[in-house]
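Thanks for coming, everyone. I'll show the structure, then walk through it piece by piece.

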Amino acid sequence: MITIGQIVKPQGVRGEVKVKPMTNDPSRFCVLKTVHVDNRVYKVTSARVVGEFVFLKLYTVDDRNGAENLRNKLVQIERVLAVPLEDGEFFIDDVVGCSLVSIEDGVLTEVGKIKSVENFGATDVFSIDCADGRKLEFPFLATLKAQLDSDNGIFTVDGKILKEVSVYNEN
């Protein structure tokens with residue numbers, strides 16, 4: 001399964017839900033026939049994109065109470081329905097849990113495990129659990145020259161750029 005969004009809240013009284021998309025092209029929601037929410041398959045009866053959000057109407061979710069039960073749930077699709085990726089693109093679900101490795105002057109250094117990837121509008125922000133207990137966060141930028149080795153669970157970035165854009169959190 002590929003996570004493509006998260007339900008933020010009910011929208012109106014007829015069971016529609018407001019979704020924060022986790023894709024670079026929210027219009028993809030408009031062609032979906034089904035989605036998975038909380039381990040259940042729902043037929044999509046309508047989808048519309050308004051600004052940065054998607055509004056979905058799911059078959060059998062007919063009122064605000066039904067939509068409220070889906071608040072904060074992830075919207076997922078089967079991997080076979082995912083669009084093909086361009087070079088340098090990857091699914092967030094494939095990155096979370098990978099080892100983050102930096103490469104600088106030909107030297108590989110394991111930084112930690114990728115805990116999460118969040119989108120705050122401008123770009124994705126990676127959160128890393130480091131071996132020394134610290135938390136590292138950095139924005140995903142093209143200059144990081146990221147490469148994903150999904151077979152081995154390794155996400156490699158340019159170490160010099162990572163040092164420039166990352167922030168450690170001691171909590």
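**Charges, fold and a few residues**

Start with charge. The chain carries 21 positive and 26 negative side chains, and the centres of the two sets lie 9 Å apart. Lys and Arg count as positive, Asp and Glu as negative, while His and the chain ends are left out. Each charge is placed at NZ of Lys, CZ of Arg, CG of Asp or CD of Glu.

Some ground rules. This is a predicted model: local features need pLDDT of at least 70, side-chain atom pairs count only at pLDDT 80 or more, and totals for chains, interfaces and linings use all residues. Residues are numbered from 1 along each chain as its sequence is written, and side-chain values use heavy atoms, without hydrogens or water.

Now the overall picture. The chain has 3 helices and 13 strands. These are DSSP runs numbered from the N terminus, with helices being H or I of at least four residues and strands E of at least two. The C-alpha atoms fill a box of roughly 55 × 35 × 30 Å along the principal axes. Of the 171 residues, 35% count as buried. Buried means under 20% relative accessible area, exposed over 50%, partly exposed in between, with a 1.4 Å probe and protein chains only.

Next, lysine 18. This residue sits in strand β2, residues 16-21. Lysine 18 is buried but has no salt bridge. A salt bridge needs a side-chain nitrogen of Lys or Arg within 4 Å of a carboxyl oxygen of Asp or Glu. How far away is the nearest side chain of opposite charge? Glutamate 52 is that side chain, at 7.8 Å. Beyond four places in sequence, lysine 18 touches residues including Ile7, Val8, Phe53 and Phe55. Contact here means heavy atoms within 4.5 Å.

On to strand β6, residues 74-77. Val75 and Ile77 form its covered face, Leu74 and Gln76 its uncovered one. In a regular strand, side chains alternate between the two faces of the sheet. Strand β6 runs antiparallel to β1, residues 2-11, with 4 bridges. It also runs antiparallel to β3, residues 34-37, with 2 bridges. Strands pair if DSSP finds at least two bridges between them. Glutamine 76 stands opposite threonine 3, and glutamine 76 is also the bridge partner of histidine 36.

Last, leucine 100, in strand β7, residues 99-104. Why does leucine 100 count as buried? Because its relative accessibility is 0%. Among its contacts beyond four places in sequence are Val111, Ile128, Phe138 and Leu162. Glutamate 68 is 32 residues from leucine 100 in sequence and 37 Å away in space, C-alpha to C-alpha.
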